[in-house]
Every structure is written in C-alpha cells, then in structure tokens.
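Dear colleague,

Please find below the structure that I am handing over to you.

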Amino acid sequence: MALSESQIPPDAQHYLVCGTEDCEKNCQFYCNDCHQPMCEQCRDEHQKNKKTKNHEVVHYKQRKQPLPLEKCKIHPTRNIELLCEECQIPICSKCTGTKEHRGHAFTDLELVFDEKCSHCHIEINKIQSYFEPTSQDLKKEIAGDVTEIKKIMEGIKTSMKTEAESVKKMVETITSDKIKQVNKIEQSLLESLNGQNQKIDDYINYLNDLIQTFYGYLSPSNMEQLTFALKSENLVIRPIPETSKPVPPVFTAGQCSKEDVAKLLGRITVPNTKPENRKLKPMETAYTQLKPTGKQRKQDREKSDVKQTLSLSSSVTKVRKYTVPGVNDVYHISLGKSGRLWVSDRYGNLVQTDLQGNQLQKIQTIGNRDEGYHTVTQDGDLIYTDKCNKVINRITPGNTITEFIKTGDWKPLSIHSSHINGDLLVGMRKDREGKVTRYNKTGTEIQNIQRDNKGQALYSDPHYITENINGDVCVSDCGIAVVVVDKSGQHRFSYTDQGSGFYPYGICTDVLSHILVCNGFSEKVHLLDKDGQFLSLLLTSQQGVHIPCSVCVDNENNLWVGHFTNTVSVYKYLQ
C-alpha cells in the first residue's frame, strides 16, 4: 500500500516532482501558503511574482503538512479549517457565528495540525534514534546472556558427569575388594567341607574292608582265622567321624539412600540474589542530537538559507595555495576558530598555522600518523588521538595538554568533533577489526558502532571519519571503502568506486550534504551525494592536485586539500 505524503518520513529517499504544471524537474522546495512542491526554478519565479512573493517558501523537508480537506457537516459548502478552543472541535468559518460558538476563541486548524505533525515526527525520531536501537541492543545483550548461560550450564553438566564417573570408579573398586573377601571366605568353607568329605570317604572305605573281613570270619579256612575272629576286640566297629555344618557369611545391604548418593555427586544451588535490571542508556544522552539548542536552531536555519542559495559550480577554481612549515606532507587538516588551522603529517608533526601559512605552534606526537587523528571542538579545543598509549588528549586554547579519554584495549585512530551537538566520533582498531565510538562532550561513551544487522564487521581500519549534516557517520576505511551509517548506527551504504585502484583517505562533507573523499592511489577527489551516488571527480591533476591526502570545507564553503607534499590548496566549487 502506497504511503500518503504525510506518511512519508522526512528523511526518506524518494524522487519528488515539481508541482507546477508541465514541469517535471526534481522538487526541492515547498510553498506553505499554496501547499505546492516546486523545483528551484519555479521557486525563484514564485518569489518574484507580486501575488506570491510574500509566501513562505521553505526546503521540502521543512514543509508544513497540508490540512486534509473535509466539508463541514452543518455547512456542507464550507471546508473545516478552524478549531474552537473551548469546545475542542473542528469547525468551518461559518460556524463561528452560530449560537454554539459565539464568543469563543478559535485557532487556525492548519497550525494545530502542523504542530501535531511536528510532534509525531519528533516521536518517530525518538523511536528510530533511541527506543528501537536501544531495544535492539537489549536483544543482542539477551542473546549474549543466552550463549553465556548455555556455556555455564554445559560446564555444570560436565562437572556432574565427571563426579559421577569418579563415584562409579570408587564403587567398582570397593565392590571388587568385597568380592575378593567373599571369595576367600568361600574358599575357606569349601576347604573345610572337602576335608570332612574326605574323612567320610575314608570311613566308608574302612567299612567296606571291615565287611569283607567279617565275611571271612563266617567261613574260616583254618584254625588261626577262627581264633582271630573269636577275639572280641577285632569285632568292634569304629564310630563315624564327626563332621560339622558350615556357617556361611551373611550379607547386610548398605543403608545408602538416594539422597546419600546425591550428596556424593555435589549439589546445584541458585543464589538467592535479586536479578539486576539491565542498564539503559539515558534518553537525554542518546537523544542529544535530536534536541538542538537555540543557538543550534539558529545555525540550522542559517545553513538552510545557505543551502537554498548554493549549488555546485560548473567549474572548480583554485583560490590560493601555500606551503605549511614544519611538516613533510599534509595527511590531515582541522579548521579552528579565528582563521587558524591544524595540519599533521605521517611522522607525527602537528602544526598550527594562520591562513597565510605562518607557523604558530608545533606539537610532536607519537608514532606514524597517516590518519585523521585530530579535530577542533566547538569550544576551540584541539583533541587528538594517541594510538600508542590508547588515549585521547585535549589541548585547550591556553596550550594545556591533558589526558581526556582512555580507550582500553582499542587503538584510537581517527576523530571528529560533531558540528551538530559537540559529540566526539572516534574510529578505533583492535587486532583486525575496527569500530566507531561516540563520546559526549564530557568524554562519556554513549554509542558503539561495530557491526551491521547481519552481524558482519563494518570496519577494518577506520582511519578518517566525519559527520554529515543529516547525522550520518562517514568513515574512510583504509584501502577498502567509504562506509556510511545513520546516527543510530544502522548501515546505509558503502562506496568502493566500481573501478580499480580506489584507496579512500581524507573525507569531509559540505553544507549540501555532499561527501568528498580523496583517492590515495590517484590524483583525484571523488564527490558523492548523501546516499553514496557518485556525482563527479571534483578534482583531478588538471586542477593541480598531487596525490590528495586530506580534505575539509570551511565556513565559507571553500574546499581545503592537503597533498602528499607540504602544500595546501584552497578551491571554490560551490556558487
């Protein structure tokens, strides 16, 4: 089902056609009085027309939502366009004179509707920027807990099986010993019984012999036998040998219960501890960028005015070029206040100059620095990363260097101070994986961007970083791609230049949401729109560019380009 115009998100990427008849150009502006979208040319004509020159024409995203047309039920020829403040019901202009509403105060329903639409957009932004991402973070945390619980329970099961095997071996050993004892008793009893049996066998043999003797006496063959038989002592039968019945051992079953066995196998206990509630990042912190200050709102209005009057120039003009003392090349440029800038080379030299190239101060940082490792805050402080010591340092305008943030196991590489809310965006690396961490002005970590929705790593070596005016975080991932995520950390696109030899280096954005990036393998600066579409090769060797390493845009919309030599060139590319 297609969305109505009021349902289209303010940041949705869709093609809008000018509302002027027979004009099919891309819509960029909107007349709040006429409720008509229009292109730049039609806007200019609209503002020149005597009848419409006082109309409120704004950028399309800042438009007021048109009031849905609905006829009054009491006065069917009139449209509902007012709100009775006392009755709180929508009415038409003719209803104001009726008895029911006489003397009441009325408000333009379009203003009320626009206010409600603005509130809805704010709530949608809250959901998209805080509630939904926070809920997704909780899902990831719960999934991690599930994995951890399974691991712990598997360990308990393994321990129980090991304990059971130990008890089993002990039972087998004791059983074997007792069986040996029974075997000895059995052998002793059997030996006794066998002895008795042998005695009886011997006695029976004796009896048989005696019977034969007695038969011989019954028919003596000579006088000697008769004389022998007449002797009484020879007629006595020996008594039967004594035997005894064996006394077998008695087995008494052990008094071992199921509970006794359970004790041998250990026990499982669940700590009587109340589960700790998961911590949610404060909405005030996570939603800072959606609540601009009065000063910020004024700056946003000024930028919007500038955007309406600026466009890409048909040609790029070099404004000036100068040599930076104290550096071997210009790998990064940070523009500060009062016409001063900081320039760094790959050998750790960090130099502050004025716009004429005069050196004002110099700092020697640690290690090889071929990344955008410094930035100037809204307060004018210089912030720079120290990847060797894994810290972020701050230099105040009074030249006091202090350790500002410790980054733990991660090496901080690139850094950018947000022009939207002053947050610090830091590109970091550990082993072969990178991430972007957002800190607020006080150095408190408020966001980590590391993987996309499929769990794939977004970065490898985030060595340059910047922020677009729509809140997108743009990263130059060394030798791979330009990676862009929205302010909630959701991956939007990656730009790799379909050709070969693309090696992204310095990156910046401008007031028109363009993304400008240096190609470290060529003498070119690529110009992209905010959605990653290639627009043009803004600078090539024809404009005097020699291996561009760094780029930035100043408040006057001039493009500053740092080269592989110690030179900086300034270009005008917007008109």
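I begin with R451, whose side chain forms a salt bridge with E433; the closest N and O atoms of this pair are 2.8 Å apart. Please bear in mind that the model is a predicted one. R451 sits in the loop between β19 (445–449) and β20 (462–467), whereas E433 belongs to strand β18 (residues 433–439), so the contact ties together parts that are 18 residues apart in sequence. With a relative accessibility of 38%, R451 is classed as partly exposed.

A second pair links R394 and D381 through a salt bridge, with 2.7 Å between the closest N and O atoms. Here R394 is part of strand β14 (residues 391–395), while D381 is found in the loop between β12 (374–376) and β13 (382–386); the pair therefore ties together parts that are 13 residues apart in sequence. Both partners are buried: R394 has a relative accessible area of 15%, and D381 has one of 9%. These values fall under the 20% limit that defines a buried residue.

A further salt bridge joins the side chains of E371 and R369, with an N to O distance of 2.6 Å. E371 and R369 are both buried.

Beyond these pairs, E141, D145 and R278 are connected in a network of salt bridges. Across the whole structure, the search returned 15 salt bridges.

I turn now to the cysteines. How many disulfides does the structure hold? The number is zero. C27, for instance, takes part in no disulfide, and the nearest cysteine sulfur, which belongs to C18, lies 6.8 Å away. C27 is also buried, its relative accessible area being 7%.

The sulfur of C31 has its closest cysteine sulfur in C34, at 3.6 Å.

With kind regards

Technical notes: Residues numbered from 1 in each chain as written. Predicted model: local features only at pLDDT ≥ 70, side-chain atom pairs only at ≥ 80, totals over all residues. Heavy atoms only, no water. Salt bridge = Lys/Arg side-chain N within 4 Å of Asp/Glu carboxyl O. Buried < 20%, exposed > 50% of the residue type's maximum accessible area, 1.4 Å probe, protein only. Helix = DSSP H or I, 4+ residues; strand = E, 2+ residues; numbered from the N terminus. Disulfide = S-S within 2.5 Å.
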